[in-house]
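Colleague: I'm new to this one, could you walk me through it? Please bring it up on the screen and we'll take it from there.

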Amino acid sequence: MSNENPNDLKYTKTHEWVRDNGDSTVTVGITEHAQELLGDVVYVELPEVEASLSAEENCGVIESVKAASDMYAPLDGEVTEVNEELDSEPELINTAPFGEGWIFTMKLTSEDALTELMDADEYEAFCQE
Amino acid sequence: MTKSSQSVKPQRTPLYNKHLDANGKMVDFAGWEMPINYGSQVQEHKQVRTDAGMFDVSHMVVLDLNGDKTKAFLRYLLANDVAKLKENGKALYSGMLNHDGGVIDDLIVYFIAEDFYRVVVNAATREKDLKWISQHADTYEVTIKERSDLSMIAVQGPNSREKVHSFLHAETEQKLSNLDVFFGLEIDDYFYARTGYTGEDGYEIMIPNEKVSEYWDKLISSGVKPIGLGARDTLRLEAGMNLYGTDMDESVSPLAAAMAWTIAWEPDDRDFIGRKALEIEKEKGPQFKLVGLILEDKGVLRGHQKVITEHGEGEITSGSFSPTLGQSIALARIPAAAKDKCHVEIRGKHLAAKIVKPQFVRNGKSVI
């Protein structure tokens with residue numbers, strides 16, 4: 001299996017991806033692998049803007065036709081923006097998980113924490129386990 | 001919806017390799033390795049509502065009942081009355097109840113001849129059904145033959161019959177064109193029934209195991225797409241059809257499972273298993289009923305969520321997102337007096353839902 005996960009992103013064990021925006025904020029979504037497991041997404045319960053989150057805290061729910069699946073904050077920080085498009089087009093998570101299907105952005109408490117996450121190769125290996 | 005039974009190695013239907021060829025994602029369902037989807041559940045759902053799709057339902061159990069007293073036996077065994085079946089091939093949906101009036105299984109029975117009825121029961125309930133049926137068949141001298149030599153494909157959707165007919169001999173096609181809804185017909189080694197579990201027109205076709213792969217290929221060639229168990233569940237939910245083990249079981253009476261229409265009270269001297277218990281319940285007035293719910297707020301209804309009404313609490317038995325309506329729908333067991341509006345508790349929040357008759361979609365269209 002080829003590595004479908006972009007090299008410029010970081011990854012969590014709960015299948016979120018994290019993009020470093022270079023201004024101490026990150027964009028968060030779920031991976032191709034995660035959307036594949038979920039199947040057709042029909043509803044996303046987004047976190048609230050300005051919500052203060054701790055790493056690994058439950059911060060939303062993605063509902064597919066099949067089941068409800070929790071979403072977790074990748075790192076400590078505060079939610080700065082959520083993808084309102086997902087309200088009317090939740091399927092963006094299936095069609096463009098690394099792009100238009102992004103879920104929220106957050107301002108990190110500490111940028112150094114990014115190094116704690118997996119890179120694309122590590123995540124790929126993790127998925128194969 | 002997937003229930004794994006024990007840790008035995010799952011069985012495979014004769015179409016197993018066809019599912020793999022079609023990229024079926026295989027899961028364990030009632031001890032069978034079956035396709036949950038072949039890609040997108042929602043697309044498969046829409047395929048059936050707008051065109052034609054097919055399901056491998058070979059795991060279901062076909063039983064042939066023979067003997068002079070078969071009719072009398074089934075009139076005792078089932079809550080619905082096979083005496084209603086006057087024309088050859090006519091089908092009947094019924095609950096098979098225990099003495100307390102609880103549903104052991106729901107099934108379809110076809111009247112083939114005075115001394116020959118064919119019954120189709122659920123895969124997950126095979127052992128207990130066989131045991132129950134055999135146990136009561138003895139005194140009626142009815143022989144029960146399990147037709148594990150037959151596979152079954154359900155072809156469903158507005159264009160399904162046309163597509164099936166396209167590759168059949170003219171003579172067979174002619175016979176099928178005249179087949180009415182809810183009738184079955186044996187043609188050579190095949191049995192065609194104009195029945196289904198989706199709310200669409202179509203056939204459930206019983207095919208000898210050794211011929212089923214070839215038949216599947218013909219269906220593929222005529223444009224019928226394979227559909228997985230996932231879409232089967234959302235299709236039947238939209239159609240308001242119960243799923244055994246989820247919407248009802250042995251602890252639930254047909255009166256509390258939207259199956260009152262399947263109880264034949266007349267003639268009142270017909271003794272059937274469960275009748276006495278049902279009569280007492282009917283006299284008292286059933287406390288619960290099975291209804292449909294439509295979520296008005298955003299979210300997705302799921303089985304076991306709590307339903308709050310003005311008359312007390314109930315529970316969702318099955319829920320999902322309806323691809324046809326673009327909203328979440330459910331079947332729920334709630335206090336009999338409740339109507340119009342209710343709330344459903346989802347992750348601590350109370351979301352508004354509308355109480356409706358348990359049927360949402362028929363022949364591709366909303367009936368809400």
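**Domains and contacts**

Modeller: This is a predicted model, and in it the C-alpha centres of domain 1 of chain B and domain 2 of chain B lie 25 Å apart.

Colleague: Where is chain B divided, then?

Modeller: Domain 1 of chain B covers 8–235, and domain 2 covers 239–366.

Colleague: And how many residues of each domain of chain B are in contact?

Modeller: Domain 1 of chain B puts 37 residues in contact with 33 residues of domain 2 of chain B. On the domain 1 side that touches domain 2, H2(B) gives the most, with five residues, and the residues of that side divide into 13 nonpolar, 14 polar and 10 charged.

Colleague: Changing topic, how do the axes of H2(B) and H8(B) cross?

Modeller: The two axes come within 8 Å and cross at roughly 55 degrees, which means that H2(B) is oblique to H8(B). The crossing in which H2(B) passes H8(B) is right-handed.

Colleague: Which residues make that contact?

Modeller: From H2(B) they are Gln41(B), Glu44(B), His45(B) and Val48(B), while H8(B) brings Gly230(B), Ala231(B), Thr234(B) and Leu235(B). In this contact of H2(B) with H8(B), three residues are nonpolar, four are polar and one is charged.

Colleague: What about chain A and chain B, how many residues does their contact take from each?

Modeller: The contact takes nine residues from chain A and 13 from chain B. Strand S4 (41–45) and strand S6 (58–64) of chain A each supply at least two residues of the side that touches chain B, and that side of chain A divides into five nonpolar, one polar and three charged residues.

How values were computed:
Residues numbered from 1 in each chain as written. Chains lettered and ligands numbered in written order. Predicted model: local features only at pLDDT ≥ 70, side-chain atom pairs only at ≥ 80, totals over all residues. Domains from an automatic or database assignment. Contact = placed C-beta atoms within 7 Å. Helix = DSSP H or I, 4+ residues; strand = E, 2+ residues; numbered from the N terminus. Nonpolar A, V, L, I, M, F, W, Y, C, P; charged D, E, K, R; others polar. Axes fitted to C-alpha atoms, helices over the stretch in contact; angles between N-to-C directions. Parallel < 35°, antiparallel > 145°, perpendicular 65-115°, else oblique. Left-handed = near helix turned anticlockwise from the far one by under 90°.
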